[in-house]
Amino acid sequence: MASQILVIVSFLAISCSLAAAGIEPGPLQDFCVADPTSSACLDPKLVKPDNFFSGGFHVPGNTSNPSGSSVTSASVAQIPGLNTLGLTLIRFDFAQGGLVTPHIHPRASEILTVLEGSLLVGFVSSFPENRLFSKVLEQGDVFVFPIGLAHFLSNVGNGTAAAIASLNSQNPGFIAIPSNIFGTNPPIGDDVLAKAYNVDKSIVEKLRAQFHS
């Protein structure tokens with residue numbers, strides 16, 4: 001129990017440091033709770049403790065889907081008090097063999113710690129090296145994904161897995177690479193993708209069909 005508390009305290013300390021060095025400008029007031037009825041801050045006199053609270057993060061997400069994974073967010077949408085603070089918290093849950101597909105956060109770095117199970121994680125550096133930095137993480141291990149680089153998470157253990165991550169933006173963005181290429185609307189031309197991936201057009205059509213059911 002003591003070791004778990006130490007991991008959580010260390011994780012939160014690192015997350016706060018990461019947020020302090022974030023790319024978003026610092027707030028000009030104590031807080032700016034998001035007002036759902038306008039683009040302005042909620043009147044401070046109307047702010048309540050619940051504006052800084054969200055419950056249920058201990059509950060595993062539903063992994064009964066093709067990817068075998070679930071993402072639960074604690075962002076400004078769930079916690080209005082996060083507005084302008086440059087933070088988002090995410091819980092990942094994995095069925096055995098589950099995957100969070102290769103993706104990019106264009107506006108945030110991410111720091112992740114494993115709560116249970118074994119996760120293969122990694123990110124790829126930019127061109128021309130395209131170097132893969134990958135590692136199998138166990139309970140209590142921490143890993144960092146730099147801003148804007150493609151990364152993934154895969155459950156390689158014999159059971160379920162869970163992790164929690166902090167991102168230094170209230171709007172980190174999420175670009176899932178497979179659907180970003182083959183699931184566009186309107187579609188990217190077959191000629192373009194066939195040449196880009198050096199495959200036959202029939203392969204492009206099969207891949208696209210996975211995202212346009």
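**View A. Thr88, a buried residue of strand β2.** At 4% relative accessibility, Thr88 counts as buried, where buried means under 20% relative accessible area, exposed over 50% and partly exposed in between, with a 1.4 Å probe and protein chains only. Thr88 has its place in strand β2; helices (H or I, at least four residues) and strands (E, at least two) are DSSP runs, numbered from the N terminus. The side chain of Thr88 reaches the backbone oxygen of Ser169 at 2.6 Å. Leaving aside neighbours within four places in sequence, Thr88 is in contact with Ala74, Ser75, Ala165, Ser166, Leu167, Ser169, Gln170, Asn171 and Pro172, and contact means heavy atoms within 4.5 Å. This is a predicted model, in which local features need pLDDT of at least 70 and side-chain atom pairs count only at pLDDT 80 or more, while totals for chains, interfaces and linings use all residues. Residues are numbered from 1 along each chain as its sequence is written, and side-chain values use heavy atoms, with hydrogens and water left out.

**View B. The open sheet that contains β1 and β2.** Five strands, in the order β1-β2-β9-β4-β7, form an open sheet with antiparallel pairing; two strands pair if DSSP finds at least two bridges between them. Strands of a sheet pair through backbone hydrogen bonds, either parallel or antiparallel. The edge strands are β1 (69-74) and β7 (142-145), each of which pairs on one side only. Direction ignored, neighbouring strands of this sheet are turned by 20 degrees against each other on average. Between β1 and strand β2 (residues 88-94), the antiparallel pairing extends over six bridges, and Ser69 stands opposite Phe94 in β2.

**View C. The open sheet that contains β5 and β8.** Here five strands follow the order β6-β5-β8-β3-β10 in an open sheet, and the pairing is antiparallel. The edges are taken by β6 and β10 (175-176), each with a single partner strand, so one side of each is left without a neighbour in the sheet. Strand β5 (residues 119-124) is joined to strand β6 (residues 132-137) by six bridges, and the two run antiparallel, with Phe123 opposite Phe133 in β6. Strand β5 also pairs with strand β8 (residues 151-155) in the antiparallel sense over five bridges. Three bridges join strand β3 (residues 99-104) to β8, and these strands run antiparallel as well. Within β8, Leu153 is the bridge partner of Val121, and Leu153 is also the bridge partner of Val100.

**View D. Helices α3 and α4 where they cross.** The axes of helix α3 (residues 190-197) and helix α4 (residues 201-209) come within 9 Å and cross at roughly 105 degrees; axes are lines fitted to C-alpha atoms, for helices over the stretch in contact, and angles run from 0 to 180 degrees between N-to-C directions. The two helices, α3 and α4, are therefore roughly perpendicular to each other, a term that covers 65 to 115 degrees, whereas angles under 35 degrees count as roughly parallel, over 145 as roughly antiparallel and the rest as oblique. From α3, Asp190, Asp191, Leu193 and Ala194 meet Lys201, Val204, Glu205 and Arg208 of α4. By class, this contact of α3 with α4 has three nonpolar, no polar and five charged residues, where Ala, Val, Leu, Ile, Met, Phe, Trp, Tyr, Cys and Pro count as nonpolar, Asp, Glu, Lys and Arg as charged, and the others, Gly among them, as polar.

Terms used
A polar contact is a pair of N or O atoms within 3.5 Å; within protein, one must be able to donate a hydrogen and the other to accept it, and residues adjacent in sequence count only if both atoms are side-chain atoms.
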